[in-house]
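This report goes through a few parts of the structure shown below, one at a time. Keep the sequence and the model side by side while reading.

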Amino acid sequence: MSDPNGPVLELKDVAVHFGGRGGLFASPGPVVKAVNGVDLTIGRGETVALVGESGCGKSTLSNTIVGLQAPVSGSIRVAGEEVVGADRRKLNDIRRHVQMIFQDPALSLDPRSTIGATVGEPLKVRGVAKGEALKQRVGELLTQVGLRAEHADRYPHQFSGGQRQRVVIARALALEPGLVICDEPVSALDVSVRAQILNLLVALQKRTGVSYLFVSHDLSVVRHICDRVVVMYLGRFVEMADRATFFANPKHPYTRALMSAVPQADPVVQRGKERYVLSGELPSPANIPSGCAFHTRCPLATEICSQVRPELTPRPDGALVACHHA
Amino acid sequence: MSADPIPLLSVENLTIEIGGASVVDDVSFHVAPGRVMALVGESGCGKSLTSYAILGLLPDAAKRTGGRIRLHDLDLSALSEREFRKARGKDISIIFQEPSASLDPLTTVGSQIADAYRTHNKVSRAEAYDKARQMLADVGIPDPDRRLHQYPFELSGGMCQRIMISIALICSPRVLVADEPTTALDVTIQAQILDLMKKLVSERGTAIVLITHDMGVVADIADDVAVMYAGRVAEIAGVHSLFAKPCHPYTALLLASVPTLDDAPKSDLATIEGRVPTPDEFGEGCRFASRCPLVTDKCRIEQPPLFDCGDGHRSACWHIDRMPELMEAAA
């Protein structure tokens with residue numbers, strides 16, 4: 001690709017909207033602005049966490065990056081190549097650099113394919129390897145994720161949830177992508193297995209230099225695995241900072257509410273901490289509040305918040321925050 | 001454990017078998033009024049089956065082969081299905097993980113709450129609706145008059161869970177079983193629901209049996225905790241004692257595998273090697289033996305009873321004295 005040291009992903013002013021089109025007899029419905037002008041750069045070997053409540057646009061954004069959803073405006077560059085407006089052939093070529101891991105491994109594996117066939121499929125489709133070479137590569141991939149080469153002949157139902165997620169990870173890494181989007185990769189797993197998978201993701205990154213976009217709502221997991229954190233609220237980024245700054249000094253009132261809402265696994269800390277419970281729920285993305293979208297739930301809101309939308313502005317410690325008062 | 005003398009709900013030596021394997025084996029715990037007892041464990045540990053047994057809702061394949069469940073002086077395990085129906089909803093209630101799957105999509109939420117009330121009380125529809133309106137206000141739903149006439153699909157997941165709680169509590173049951181009540185919700189909504197449950201416990205003195213796998217939720221709301229593993233109680237203790245001084249290797253490893261704020265980023269988390277044994281792999285000895293770092297021959301042959309470690313803290317492990325060694329290795 002163009003620049004081996006350049007960022008694996010560059011988003012510029014990306015917006016994704018749904019609906020709004022009327023049918024033959026239907027009047028136009030409301031436009032749902034799921035993603036509304038976001039900028040993000042992910043460097044090589046970096047892990048960026050994308051955090052927010054359901055309905056904030058995290059999944060729409062991930063789907064847009066892998067090309068499952070077309071943006072209405074903006075630019076998406078994967079390893080330097082523009083995705084938006086690329087023709088099918090080009091898009092296919094670009095896509096091998098981005099792979100995805102979903103939450104529930106049972107739903108992302110074909111129950112009727114052996115895991116060898118599943119892991120080998122991307123290699124076969126791309127014509128990277130076949131025959132004996134393919135078999136050997138599949139064996140290597142399985143070993144890399146902590147399974148054994150002879151597991152290739154088994155079916156998904158013969159594995160536990162954690163092992164299945166390992167298979168999914170092996171498939172995602174088959175084409176040596178620059179970026180893997182992990183959409184809640186451990187939230188469907190038991191606690192003891194969760195730690196195994198997190199350790200695996202970290203070890204694989206150290207070995208292969210892959211970058212992760214880690215979509216999660218679990219801030220303790222995020223803190224463990226990420227270099228940088230982005231918080232999304234109703235289609236826009238409201239805070240972006242490196243891990244240390246983010247957790248030492250969260251600034252946006254929404255970020256602080258999210259952090260306070262995550263229960264700590266320590267009764268003394270958990271019961272002693274200052275509570276900052278948000279009232280109400282996420283407004284509908286079809287009807288985003290004026291000004292700062294968060295002002296309807298924000299404890300710091302004043303008049304300006306309902307009128308003027310705050311831009312992401314840099315703070316002395318390097319964090320970017322979109323708030324009039326933080 | 002709680003020092004309260006009169007337990008409201010007692011589960012005594014409960015054993016449930018599926019196909020000859022004891023998937024719940026000799027489980028005992030007590031819950032006093034106004035207390036929250038958490039049953040914690042990974043999938044397949046028997047925590048949900050235990051809760052279904054309390055409600056008399058065991059699936060056909062599962063048979064209770066031993067033990068008793070008592071609600072104050074009423075022996076729940078001796079009730080016929082007909083008698084159980086009278087108790088369910090009135091004396092003892094349950095809320096499930098996925099509220100949208102538990103609510104009737106074709107009926108307004110007001111009618112669902114009122115029905116629950118009218119099943120156990122001879123009142124007019126209007127009175128039942130008044131009661132439902134009051135209940136919605138109690139669980140913190142704004143504008144209850146409008147909400148009463150809405151359908152579940154018009155409400156968010158958090159709202160639906162509040163409706164479920166309203167249905168479960170409208171007859172003021174003495175015991176509420178909550179099976180992963182916040183797992184399907186966002187953390188911000190989870191915090192609201194947990195606060196609501198705490199408020200209800202303190203105001204109404206409801207005893208709660210909370211089924212969860214989230215140690216953070218346990219730390220937030222539980223008074224007592226039973227850690228279950230492969231159908232047995234591995235450790236049972238007051239919440240502070242359990243987190244401060246776990247006496248079972250499984251609990252210690254489980255706590256160590258949760259990322260905390262003190263970990264170095266991207267460091268290796270403690271893991272528990274292997275997996276939970278399936279029922280046909282249960283042996284004679286301790287069911288955690290195949291994954292336990294402290295395992296000896298004795299563990300594989302002989303099942304450890306629950307030993308007292310002081311203050312009502314009990315652990316089913318032959319090697320409680322070697323726990324410091326394990327804690328050191330984990331740190």
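In helix 1 of chain B, the buried residues are Lys47(B), Leu49(B), Thr50(B), Ser51(B), Ala53(B), Ile54(B) and Leu55(B). The model is a predicted one. Helix 1 spans residues 47–55 of chain B, and seven of its nine residues are buried, which leaves the helix mostly covered. In general, an α-helix has 3.6 residues a turn, so residues three or four places apart point the same way. After helix 1 of chain B comes Gly56(B), which has a positive phi, near 70 degrees.

**The sheet of chain B**

Chain B holds an open sheet of four strands in the order 2-1-4-5, with antiparallel pairing. Strand 2 and strand 5 (74–75) of chain B are the edge strands, and each of them pairs on one side only.

| Pairing in chain B | Bridges | Direction | Residues standing opposite |
|---|---|---|---|
| Strand 1 with strand 4 (residues 62–71) | Eight bridges | antiparallel | Thr15(B) and Gly66(B) |
| Strand 1 with strand 2 (residues 21–31) | Seven bridges | antiparallel | Ile18(B) and Ala21(B) |

Strands of a sheet pair through backbone hydrogen bonds, either parallel or antiparallel. Strand 1 and strand 2 of chain B also form a hairpin, with two residues between them. One residue in the turn, Gly19(B), has a positive phi of about 55 degrees.

**Cysteines**

How many disulfides does the structure hold over all chains? The number is zero. Cys247(B), for its part, is in no disulfide, and the nearest cysteine sulfur, which belongs to Cys309(B), is 3.7 Å away. A pair of cysteine sulfur atoms has to be within 2.5 Å to count as a disulfide. Cys247(B) counts as buried, at 4% relative accessibility. Cys160(B) is buried too, with a relative accessible area of 4%. The cut-off for a buried residue is under 20% relative accessible area.

**Where chain A meets chain B**

The contact between the two chains involves 41 residues of chain A and 44 residues of chain B. The size of an interface is often given as the accessible area lost when the parts come together. Between chain A and chain B the buried area is about 3,600 Å², and carbon and sulfur atoms give 54% of it. On the side of chain A, the residues that lose the most area to chain B are His224(A), Arg271(A) and Glu281(A), together 17% of what that side buries.

Which elements of chain A give two or more residues to the side that touches chain B? They are helix 7 (191–208), helix 8 (219–225), helix 10 (253–261) and helix 11 (267–272) of chain A. Helix 7 of chain A gives the largest share of that side, 11 residues.

Across the interface of chain A and chain B, zero salt bridges are found. The count of residue pairs in polar contact between chain A and chain B is 10, with both residues at pLDDT 80 or more.

Terms used: Residues numbered from 1 in each chain as written. Chains lettered and ligands numbered in written order. Predicted model: local features only at pLDDT ≥ 70, side-chain atom pairs only at ≥ 80, totals over all residues. Heavy atoms only, no water. Pairing = 2+ DSSP bridges. Buried < 20%, exposed > 50% of the residue type's maximum accessible area, 1.4 Å probe, protein only. Contact = heavy atoms within 4.5 Å. Buried area = accessible area lost by both parts, 1.4 Å probe. Salt bridge = Lys/Arg side-chain N within 4 Å of Asp/Glu carboxyl O. Polar contact = N/O pair within 3.5 Å; in protein donor to acceptor, adjacent residues only side chain to side chain.
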